[in-house]
Amino acid sequence: MLVCLIGAAAAAPRLAPYAPDQIDLSARRSAPSAAHWFGTDELGRDVLARVLFGARVSLAVGLLSAVVAGAIGVAVGGVAGYAGGMADAALMRTTDGVLSIPRLPLLMIAAVVLQPSVPLLILLIGGAGWMETARVVRAEFGALRGLGFVESARAAGAGHLRVLARHLLPNAAQAVAVSLTLAVARGILIESALSFFGVGVRPPQASWGNMLYQAQASLSTEPWLAVAPGMFILLTTVAVNLAGDQLARRT
Amino acid sequence: MARFLVRRLAHAVPLLLIVSALVFLLIHAAPGGPLAIYLSNPNVRPADIERLRHALGLDRPLWDQYWSWLAAFMKGDWGYSFSDGRPVADRILERVPATIELVSTSLVCALALTIPVGVWSAVRRGRWFDRLTTMTSMVGLSLPGFWFGLLLQMIFALALGWLPSSGRATPGVGGAVDHLQHLVMPTAVLALVLASSWSRYLRGSMIETVGQPFVVAAEARGLPAMRVVLRHALRNALGPLVAIITVDAALLVSGAVVTESVFAWPGIGSLFTEALARRDYSVLMALLMLSSAAVILFNVAADAMHAVIDPRVTG
């Protein structure tokens, strides 16, 4: 399912029956039909085309923000778990602290001030989402550190960085992968929420969240505008979370 | 115990200071600063902006501004709303009752869902009820809360006409029934989000507890199954659940912001999105500080509860 979604997003220009911002004033606000499967919006733009192109933005934000979050999380959690002691205490206290700041409101304020482009949005969402990964990595590294192979690698002359990257990280790869899938789902949800409140991806570029933002205004007359984008968000996040569950169960 | 709590609170203070300094910097260092919304308005003359900038003290050095904001904030003077000129504290206080009402009913409903679902799916692990609820909570976790809210509005308010689509009361109608009808959908959204997350954790910790020696021993002594599950297993599984609720306190804040905004529930969450739309930074700043402080207090309170439920925690 996930592969289908990503494939559909990648092939959006071929699959989409219309251009995403092609305005057709003769077919404004039309209900779903054979010509427009998901209907059209107040400018006569095809909802299916916009959902497909929106998928590119939403998936890109979800995946790349998880990469950013993962990089920070692995760095913070890795150092904390490997070093232990004071560094561990300081880093984990910080992580707990950042976790207790309400993420969505903070990101909303940042987004309204900075008016972010999509790349900046990715950095913001990733920068606010590393804490869970840091905790997981710290726990894994802390447990692995006591095992013999770290000590023997050190004795063989490997530097700290090499031990972290070549010996510890591969052994924690599965746990990291699970926490990354969760970060992807969270990134997609946060992007859609930010866009839904008008501070995320800016129109006319379509994202699932800002399509819902536009749909909210005409819920009573054109309910179909609200169905497709939400369905796609739900399908994507369920697929990502299920994938994460599958990964976790393999341990 | 008291020392444990004081230590937890003491850790929170520097954190709040850092958050406030960061957000303050973010707002003031951005192009245009807090007055950005006036800069883009052609009807506001540059001279007026200069006057306003001076009146609000925005021409002073940043650290000086931050310091006076912080000093005033600590004294309970939270400044004035940029959008209507009223004191920020008044605007927030008038919204508190609605939020408390929504959040407390949602917490109660979420717990009422979580405990039976979590316990039963752990006891009958792998059966249809477990599979059904595990799948449902997965969907609940993946569901964008605002979209679920829109769907409920479309179905129950617009299509069926059973429930009012938004607000807290119908003007001119009032009364308890009307009030409850307004409460149903926002509570459903918020409670579902919370229960989806909680029931997964409770199921997990119940499964762990059921296998432990003291539960097996209780079963072996021939105690009734119900009693073993509730008195022995559940009591011990509640500790981890409470710990998770602390982590989820921030989720509750985000959930309240989203839910209140979708249903125009006149609480603090919708005040936040209204302030966001108007770039009302004094209100935003105060709300972020208060919600962070609330989450931290909630965490500490939950730690205390955890310690009461499970004495092994205090250390």
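In this predicted model, chain B meets chain A through 36 of its residues, which are in contact with 36 residues of chain A. On the chain B side, the elements that each give two or more residues are the helices H1, H7, H8, H12, H13 and H14. H14(B) puts in the largest share, seven residues.

| Helix of chain B | Residues |
|---|---|
| H1 | 2-29 |
| H7 | 128-142 |
| H8 | 145-159 |
| H12 | 249-262 |
| H13 | 268-277 |
| H14 | 281-309 |

Sorted by class, the side of chain B that touches chain A has 27 nonpolar residues, eight polar ones and one charged one.

The buried set is B:Ile268, B:Gly269, B:Ser270, B:Leu271, B:Phe272, B:Thr273, B:Ala275 and B:Leu276. Just past the end of H13(B), B:Arg279 takes a positive phi of about 55°.

Now for chain B as a whole. The C-alpha trace of chain B spans about 85 × 55 × 35 Å along its principal axes. Of the 315 residues in chain B, 38% are buried. As for how the chain folds back on itself, take the contacts in chain B between residues at least 6 apart in sequence: 69% of them join residues at least 24 apart.

Methods:
Residues numbered from 1 in each chain as written. Chains lettered and ligands numbered in written order. Predicted model: local features only at pLDDT ≥ 70, side-chain atom pairs only at ≥ 80, totals over all residues. Contact = placed C-beta atoms within 7 Å. Helix = DSSP H or I, 4+ residues; strand = E, 2+ residues; numbered from the N terminus. Nonpolar A, V, L, I, M, F, W, Y, C, P; charged D, E, K, R; others polar. Buried ≥ 20, exposed ≤ 12 C-beta atoms within 10 Å, placed from the backbone.
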